[in-house]
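Here is a short briefing on how two chains meet and how one of them is divided. Look at the structure first, then read the points by topic.

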Amino acid sequence: MKNNPYIYIAIMSAVTLAIRILPLTLIRKQIKNRFIRSFLYYVPYITLSVMTFPAIIHTTKSPWVGSAALVLGIIGAWFKAGLFPVAILCCITVFILEFFI
Amino acid sequence: MSRITDKIKLFFRFLFIRERIFCEGIRDGIPIGLGYFAVAFSLGFTAREAGLNAFQGFLASLLNNASAGEYAGFTVIRENAPYWQMAVMILIANARYLLMSCALSQRFSSSTPWYHRVFIGYDVTDELFGITIARKGDVEPKYFYGAMLCAVPGWSIGTLLGVIAGNILPDRIVSAFGVALFGMFIAIIIPPARENKIIRLAVICSFISSYAASILPYVSKLSEGTRIMILTVVLSVLAAIFFPVDEKENADEK
């Protein structure tokens with residue numbers, strides 16, 4: 001049976017809001033624990049990496065097209081092309097390459 | 001054309017005199033709102049693939065204001081995973097906002113009433129956190145609200161239109177747009193990975209272990225959402241143990 005999308009949205013929103021609002025209203029001191037600070041420091045990079053690969057090669061019709069978008073995206077980002085140009089670069093790569101397969 | 005821009009300029013000059021701080025928030029919020037619109041637009045494609053309609057996508061974005069968090073959440077919805085998994089997933093994907101909110105809480109004057117804290121907390125995103133923390137002195141709620149006025153509609157309406165566009169546009173374009181969000185993730189992780197070799201190592205290890213987890217026996221049977229959750233926690237714990245962040249280094253990041 002399909003779960004109710006509104007319950008999903010309610011849960012995700014409740015957790016997100018709690019994460020952001022509770023520290024602002026309750027915690028008035030800075031987190032001192034070095035381990036927790038380090039953990040929270042690394043989480044965004046790692047979670048974004050894990051979500052990007054290999055998912056990017058499965059969204060396109062052929063994994064090679066997705067791989068090409070990934071590689072070109074990394075090259076673009078390496079040379080500081082910015083959020084939007086990198087995204088467009090990936091889109092155009094897929095759009096062009098999918099003509100050939 | 002120039003007459004229109006002149007009128008807009010005049011209008012803003014008038015507003016600036018009456019509500020200066022609020023308008024500074026709007027000014028700094030406009031580019032953020034436009035950027036959000038583009039990101040949210042491609043997020044709308046993900047929402048649509050998860051089976052959400054335009055209103056549901058809009059609602060999710062209006063209440064969450066989080067790119068990685070919402071993407072992770074939509075993965076959970078697409079897989080029809082149990083509800084508890086959604087809670088854990090969001091907790092992990094949005095864990096960094098906990099850090100940001102803690103940092104931001106240090107910058108409130110003690111006289112700031114609770115409702116300002118709640119409304120500001122609602123939209124603590126990477127970008128709004130960035131522009132707010134960059135200002136001198138205590139956090140000014142009016143400045144934040146000005147920026148929110150641009151950021152919130154940009155994000156939620158972007159998602160709404162993204163879902164609709166996904167239904168209308170031809171398959172080929174939808175397929176190409178599908179990688180836009182990943183492109184933005186890449187653009188977020190790669191520049192710091194270039195500067196900092198530990199982040200670079202973390203990104204490479206994440207790619208390898210995430211790929212391995214998707215093909216290895218047993219592990220690959222888990223849903224994509226579960227794998228993301230487990231890998232994020234395990235790798236971040238390892239990174240925190242082996243490469244703890246110094247106070248100074250962390251301060252530089254902000």
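Domain bounds here come from an automatic or database domain assignment. On that basis, chain B has domain 1 (19-179) and domain 2 (196-254). The model is predicted.

**Domains of chain B**
- The C-alpha centres of domain 1 and domain 2 of chain B lie 23 Å apart.
- Eleven residues of domain 1 of chain B are in contact with nine residues of domain 2 of chain B.
- On the domain 1 side, α4 (67-78) and α5 (83-93) of chain B each supply at least two residues.
- α5(B) gives the most to that side, with four residues.
- By class, the domain 1 side has eight nonpolar, two polar and one charged residues.

**Chain B against chain A**
- In the contact between the chains, 81 residues of chain B meet 65 residues of chain A.
- Helix α11 (residues 180-195) of chain B gives the most to the chain B side, with 13 residues.
- That side divides into 56 nonpolar, 21 polar and four charged residues.

**Helix pair α1(A) and α4(B)**
- Helix α1 (residues 5-25) of chain A packs on α4(B) at an angle of about 150 degrees, with the axes 11 Å apart.
- Angles over 145 degrees count as roughly antiparallel, so α1(A) and α4(B) are roughly antiparallel to each other.
- The crossing of α1(A) past α4(B) is right-handed.
- α1(A) makes the contact through A:Pro5, A:Tyr8, A:Met12 and A:Thr16. α4(B) contributes B:Gly69, B:Gly73, B:Val76 and B:Ile77.
- The residues of this contact divide into five nonpolar, three polar and no charged.

Technical notes:
Residues numbered from 1 in each chain as written. Chains lettered and ligands numbered in written order. Predicted model: local features only at pLDDT ≥ 70, side-chain atom pairs only at ≥ 80, totals over all residues. Contact = placed C-beta atoms within 7 Å. Nonpolar A, V, L, I, M, F, W, Y, C, P; charged D, E, K, R; others polar. Axes fitted to C-alpha atoms, helices over the stretch in contact; angles between N-to-C directions. Parallel < 35°, antiparallel > 145°, perpendicular 65-115°, else oblique. Left-handed = near helix turned anticlockwise from the far one by under 90°.
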